[in-house]
Amino acid sequence: MTSFLDPLISFVSAHPWLAYLTLFLAALLEAVPVVGSVIPGSTIILALSALVSGGELALPWVLLAAAAGAVLGDGSAYWIGHRQQRKILTTWPLANYPRVVEQSESFFNRFGTWAVFFARFVPPIRAFVPVTAGALGMAPAKFYTINIPAILVWAPAHVLPGVLAVSALHEYAGLHHHGHVGKHIWMLTVVGVAIVGGVAVWIYRRRNGGGVVAAKPRA
């Protein structure tokens with residue numbers, strides 16, 4: 001795995017704009033209904049954040065790329081729901097995921113306006129609440145008043161842990177930046193946790209009849 005990571009780090013160092021574009025797309029696609037429930041956007045952002053401490057990526061641009069992608073993704077989903085109203089919740093592809101749509105609507109009804117804030121940190125609901133908020137008639141000003149601050153918290157929460165962890169490994173564990181060892185440790189940890197978490201969720205859903213993302217059987 002480290003033999004793969006070293007060329008990746010070198011490539012990012014030579015072409016940082018591609019990393020920023022990847023961060024932007026990861027955050028954007030994670031907010032798209034249905035697609036966002038399978039795109040590992042948070043994992044990608046957490047992993048690439050390790051490259052900030054070594055200077056391969058600049059922290060302000062990483063935060064901006066992640067935040068901009070999230071704003072565009074959430075905003076696009078909201079406006080689709082706002083224009084289509086409730087019928088969007090019963091048309092393809094959302095019609096194939098009745099349980100997660102129902103859970104998103106319940107989440108929104110339970111927490112009201114704050115559902116938009118909390119959903120930013122709760123996958124897979126994160127990919128469904130913005131469109132649900134629009135479909136249920138939430139005013140645009142109210143949506144953005146909650147959504148943008150949520151994203152401004154969410155972006156640092158996904159970027160700074162990697163920056164701080166790799167910096168701490170170099171500072172207190174005596175690892176050198178030029179060896180990329182700290183970056184390897186963080187990236188492998190993030191990917192490993194994501195895989196274990198994904199398998200655990202899959203097992204849980206299998207044992208509970210498909211969980212919240214079970215697709216509605218086709219006619």
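**Cavities and pockets**

A: Happy to: the count comes to one cavity of 30 Å³ or more, where a cavity is a set of points on a 1 Å grid over the protein atoms alone at which a 1.4 Å probe fits but cannot get out. This is a predicted model, where local features need pLDDT of at least 70 and side-chain atom pairs count only at pLDDT 80 or more, while totals for chains, interfaces and linings use all residues. Residues are numbered from 1 along each chain as its sequence is written, and side-chain values use heavy atoms, leaving out hydrogens and water.

Q: What volume does the largest cavity have?

A: About 40 Å³, taking volume as the space filled by probe spheres set on the points, which are joined across faces, edges and corners.

Q: And which residues line the largest cavity?

A: Asp74, Val116, Ala119, Arg120, Arg126, Val129, Pro130 and Asn147, where lining means having an atom within 4 Å of a point. Two or more of the lining residues come from each of α6 (114-119) and α7 (129-135); helices here are DSSP runs (H or I, at least four residues), numbered from the N terminus.

Q: Switching topic, what about the largest pocket's volume?

A: The largest pocket has about 820 Å³; a pocket is an open set with protein on both sides within 12 Å along at least five of seven lines. Of its 29 lining residues, Ser37, Thr43, Pro123, Ala194 and Gly198 are the closest to the centre.

Q: Which element gives the largest share of that lining?

A: α9, with 10 residues. The elements giving two or more are α3 (41-48) and α9 (181-207).
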